[in-house]
Amino acid sequence: MFIERPPFLYRMYFSEALWRVPQSEKCVYLTFDDGPIPQVTPWVLDVLQQFDVKATFFCTGDNVARNPGLFNSLRANGHQVGNHTMSHVQGIHMNTPDYLRNIEKAHDLIQSPLFRPPHGFMRPSQFAAIKEKYTTVMWDVVTRDYSRNLNSMQVFDNVRRYTRNGSIIVFHDSLKSQKNLIDALPRSIEWLLENGYKLRTL
Ligand SMILES: [Zn+2]
């Protein structure tokens, strides 16, 4: 299911979530999941600053609680933040009240109207409850920066191959992604800008 561009049926399953922003102009949305962590997130912020672009960070509540200063610097630098649950839990492995409580705990810290479910997995009943309060943001391009089987050029190729107007692109400010990110992130941003894409926040 988790190929670089999510299949049509999967999109239809959560058709009220945001997968891609309809755009007639060349414009994309970089997103970073699973941070903020001191080993990776400050470096990501530096790269974004070098290119003078903004992004959206889907944070776990646990990482926000551990790194409050870093979390504050995301907003202070003009980036958007979103809720990625407290402890990176998957809805399909939990009952709905527990899942919603986990999200609310993260909301106390993150205070964002945006939500992204870890791994994209949640039950329809959970999605129905979540959409009362949050905009669920899925994605149009999965870079697979976290994959041990891909090198940074292959991650960059995913960006180049699958990006289109309005794409929501997923990277991770995580330890697993670090080795690919270091090369693939600046390369990807450079390519997007050279190809006339504006980078916006959600
Ligand atoms: Zn995640």
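1. Just after helix H5, glutamine 111 takes a positive phi of about 55°. Helices here are DSSP runs of H or I with at least four residues, strands are E runs of at least two, and both are numbered from the N terminus.

2. A word on the model before going further. It is a predicted one: local features need pLDDT of at least 70, side-chain atom pairs count only at pLDDT 80 or more, and totals for chains, interfaces and linings use all residues. Residues are numbered from 1 along each chain as its sequence is written.

3. Which residues of H5 are buried? They are Tyr99, Asn102, Ile103, Ala106 and Ile110. These cover an arc of only 95° around the axis, so they sit on the same side of H5; the arc is taken from the directions from the helix axis to the C-beta atoms. Pro97, Asp98 and Asp108, on the other side, are exposed. Buried means 20 or more other C-beta atoms within 10 Å of a residue's own, exposed means 12 or fewer, and partly exposed is in between, with C-beta atoms placed from the backbone.

4. The cover over the buried residues of H5 includes strands S2 (56-59), S3 (80-83) and S4 (114-115), along with helices H3 (61-66) and H6 (124-130).

5. Elsewhere, leucine 199 belongs to strand S8 (residues 198-199). It counts as partly exposed because it has 18 C-beta neighbours inside 10 Å. Valine 53 is 146 residues from leucine 199 in sequence, yet their C-alpha atoms are 6.2 Å apart.

Key. Contact = placed C-beta atoms within 7 Å.
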